[in-house]
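Visitor: I am new to this structure and would like a close look at a single part of it. Could you begin there and then lead me onward to the rest, step by step?

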Amino acid sequence: MTFMLRIWQRFDSVIKSVSEICGYICNGVIFVLALIVLYEVIMRYFFVRPTIWSTETSQYLLAVLCFLGASYTLKHKGHINVDIFVNRLSSRTRQIFDAIVGLVALVFCVVLTWQGYLLWHEALVGHFTSGG
């Protein structure tokens, strides 16, 4: 086995492990999110004392859930596919198509990460705070 192939396999193994861990973290985030919503409902409707933090915290946790859950879902091939056209392709053409789609997705993720970093940095330097 070549050196580069071993490095790639190790990298692939690490990515799969991190994706699996993200799935477990998502389970915890869902549990915490449910507790926060339950707490808010009890405080609002039984004690008539709504909290000022629960809605914003829930929104942030939902964003975390979406991003971490995406990697876990991708690992387990759980994303929705429209495969009516792809199934008609030959095996080799399907592999090329999958590689192109993967490359486009990678470019999208890189751009999303870069733009997110720029927004984060602007908020950090500008001492922005949330509305809550």
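Guide: H127 is exposed, because its relative accessible area is 66%, and a residue counts as exposed when that value is over 50%. This is a predicted model, and in it H127 is placed in the segment after helix 3. The phi of H127 is positive, about 55 degrees, although H127 is not a glycine. Helix 3, which H127 follows, covers residues 91-125 and has 35 residues, so at 1.5 Å a residue it should span 51 Å; its end C-alpha atoms lie 50 Å apart, which agrees with that expectation.

A second residue that is not a glycine and yet has a positive phi is K77, with a value of about 50 degrees. K77 sits in the loop between helix 2 and helix 3, and K77 counts as exposed because its relative accessibility is 72%.

The largest nonpolar core is made up of 6 residues, namely C26, V29, L33, I36, L61 and L65. Two elements give two or more residues to this core, helix 1 (3-45) and helix 2 (54-75), and helix 1 gives the most, with 4 residues. S58 lies in helix 2 and counts as buried, because its relative accessibility is 15%, which falls under the 20% limit. With residues up to four places away in sequence not counted, S58 touches L33, I36 and V37.

V37 also belongs to a nonpolar patch on the surface, which it forms together with F31, V32, L35, L38, V41, I42, Y45, F46 and F47, and the patch has about 1,000 Å² of accessible area together. F31, one of these residues, is found in helix 1 and is exposed, because its relative accessible area is 53%.

Side chains of opposite charge can pair when their charged atoms come close. The count here comes to 3 salt bridges. In one of them the side chains of K75 and E20 meet at 2.8 Å, N to O, and this pair links distant parts of the chain, since K75 is in helix 2 and E20 in helix 1, 55 residues apart. K75 counts as partly exposed, because its relative accessibility is 33%. The side chains of K16 and D12 also meet in a salt bridge, at 3.2 Å, N to O, and both residues lie in helix 1, 4 residues apart, which is about one turn of the helix. E40 forms a salt bridge with R44, the closest N and O atoms being 2.8 Å apart, and E40 and R44 likewise both lie in helix 1, 4 residues apart. E40 is buried, with a relative accessible area of 9%, whereas R44 counts as partly exposed at 36% relative accessibility.

E40 and R44 bring us to P50, which is in contact with both of them and with M43, leaving aside neighbours within four places in sequence. P50 is found in the loop between helix 1 and helix 2, and P50 is partly exposed because its relative accessible area is 44%. The C-alpha atoms of P50 and A63 are separated by 23 Å, although the two residues are 13 residues apart along the chain.

How values were computed. Residues are numbered from 1 along each chain as its sequence is written. This is a predicted model: local features need pLDDT of at least 70, side-chain atom pairs count only at pLDDT 80 or more; totals for chains, interfaces and linings use all residues. Side-chain values use heavy atoms; hydrogens and water are left out. A nonpolar core is a set of buried Ala, Val, Leu, Ile, Met, Phe, Trp, Tyr and Cys residues joined through side-chain atoms within 4.5 Å. Buried means under 20% relative accessible area, exposed over 50%, partly exposed in between (1.4 Å probe, protein chains only). The expected span of a helix is 1.5 Å times one less than its number of residues. Contact means heavy atoms within 4.5 Å. Patches are made of residues with over 30% relative accessible area and no salt bridge: like charges are joined within 9 Å, nonpolar side chains (Val, Leu, Ile, Met, Phe, Trp, Tyr) within 5 Å. Accessible areas come from the Shrake-Rupley method with a 1.4 Å probe; for residues, only the protein chains shown count as cover. A salt bridge is a side-chain nitrogen of Lys or Arg within 4 Å of a carboxyl oxygen of Asp or Glu.
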